[in-house]
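Hi,

Here is the structure I promised to pass on. Have a look, then read my notes below.

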Amino acid sequence: MKLHPLKTILCSLLLMQWLQSSLAFAQSVAFSCTRVERDFTETYELQVKAASGNLPNQKGKVFLDGRDLDRVGADGNQTIKNVLITKERISYLSDTRFEAEVFDGVSYPSGSVTSMVIIDRASGKLRKMDTVSGGILASSLGEGTKSYEEQCVPLKDGKPSID
């Protein structure tokens, strides 16, 4: 079987485009993000890594100032459920569960926070939606879904990129 030269060229171009897009999506991205709330400003580094490989137990990772957000402790646990990196957006879903606690003599039940974070790569705008249920956070922040916006700047080699 002999392929027509035009079909060969088109197949080659499609293959190159697929390889390029695969490389663009299978990566690690880092940002310097700034959160402003009333008179409080916080700057932190956020690194998001797509899953490496195709095994079912491999998943993406998220780091905040170098700390892995997938963690288990005596007071609860936090799990990164999903990470997606595309040309346009970076997003991840986290689920945090914490045990009942007593603070300043007040008892609080166990609680949870589910967070969805989406970063628009073109504008650097980070949108975060937190759903709080129970626990000390529901008592202080209120139960339900809240959304926040922050501004992020891509980092290259640990420094803000100018391009």
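**What I found**

The side chains of Thr 96 and Gln 78 make a polar contact of 3.3 Å. Keep in mind throughout that this is a predicted model.

**Around Thr 96**

Thr 96 sits in strand 7, which covers residues 89–98. Is Thr 96 buried or exposed? Thr 96 is buried, because its relative accessible area is 18% and buried means under 20%. Setting aside neighbours within four places in sequence, Thr 96 is in contact with Asn 77, Gln 78, Gly 111, Ser 112 and Val 113.

**Around Asp 70**

Asp 70 is in the loop between strand 4 (67–68) and strand 5 (71–73). Its relative accessible area is 18%, so Asp 70 counts as buried too.

Side chains of opposite charge can pair when their charged atoms come close. Lys 59 and Asp 70 meet through their side chains in a salt bridge, 2.9 Å from N to O. This pair links distant parts of the chain. Lys 59 is in the loop between strand 2 (40–49) and strand 3 (61–64), and Asp 70 is in the loop between strand 4 and strand 5, eleven residues apart. The 2.9 Å approach between these side chains is also listed as a polar contact.

Lys 61 forms a salt bridge with Asp 70 as well, with the closest N and O atoms 3.8 Å apart. Both lysines are partly exposed: Lys 59 has a relative accessible area of 34%, and Lys 61 has 26%.

Lys 59, Lys 61, Asp 68 and Asp 70 are linked in a network of salt bridges. The count for the model comes to nine salt bridges.

Strand 1 (residues 28–37) pairs with strand 2 in the antiparallel sense, over ten bridges. The two strands form a hairpin with two residues between them. Arg 38 is in the turn and has a positive phi of about 55°. Where does Val 36 find its bridge partner in strand 2? The partner is Thr 41.

A salt bridge is found here too. The side chains of Arg 35 and Glu 37 meet at 3.0 Å, N to O. Arg 35 counts as partly exposed at 26% relative accessibility. Glu 37 is also partly exposed, with a relative accessible area of 35%. In a regular strand the side chains alternate between the two faces of the sheet.

Strand 2 goes on to pair with strand 3, again in the antiparallel sense, over four bridges. There, Gln 47 has Phe 63 in strand 3 as its bridge partner.

Asp 120 is partly exposed, at 23% relative accessibility. Which residues is Asp 120 in contact with, leaving aside neighbours within four places in sequence? Glu 88, Arg 89 and Lys 125. Glu 88 is 32 residues away along the chain, yet the C-alpha atoms of Asp 120 and Glu 88 are separated by 6.2 Å. The side chain of Asp 120 also reaches the backbone nitrogen of Ala 122, at 3.0 Å.

Together with Leu 93 and Met 129, Met 116 makes a nonpolar surface patch of about 200 Å².

Best wishes

Definitions and conventions:
Residues are numbered from 1 along each chain as its sequence is written. This is a predicted model: local features need pLDDT of at least 70, side-chain atom pairs count only at pLDDT 80 or more; totals for chains, interfaces and linings use all residues. Side-chain values use heavy atoms; hydrogens and water are left out. Patches are made of residues with over 30% relative accessible area and no salt bridge: like charges are joined within 9 Å, nonpolar side chains (Val, Leu, Ile, Met, Phe, Trp, Tyr) within 5 Å. Accessible areas come from the Shrake-Rupley method with a 1.4 Å probe; for residues, only the protein chains shown count as cover. A salt bridge is a side-chain nitrogen of Lys or Arg within 4 Å of a carboxyl oxygen of Asp or Glu. Buried means under 20% relative accessible area, exposed over 50%, partly exposed in between (1.4 Å probe, protein chains only). A polar contact is a pair of N or O atoms within 3.5 Å; within protein, one must be able to donate a hydrogen and the other to accept it, and residues adjacent in sequence count only if both atoms are side-chain atoms. Contact means heavy atoms within 4.5 Å. Two strands pair if DSSP finds at least two bridges between them.
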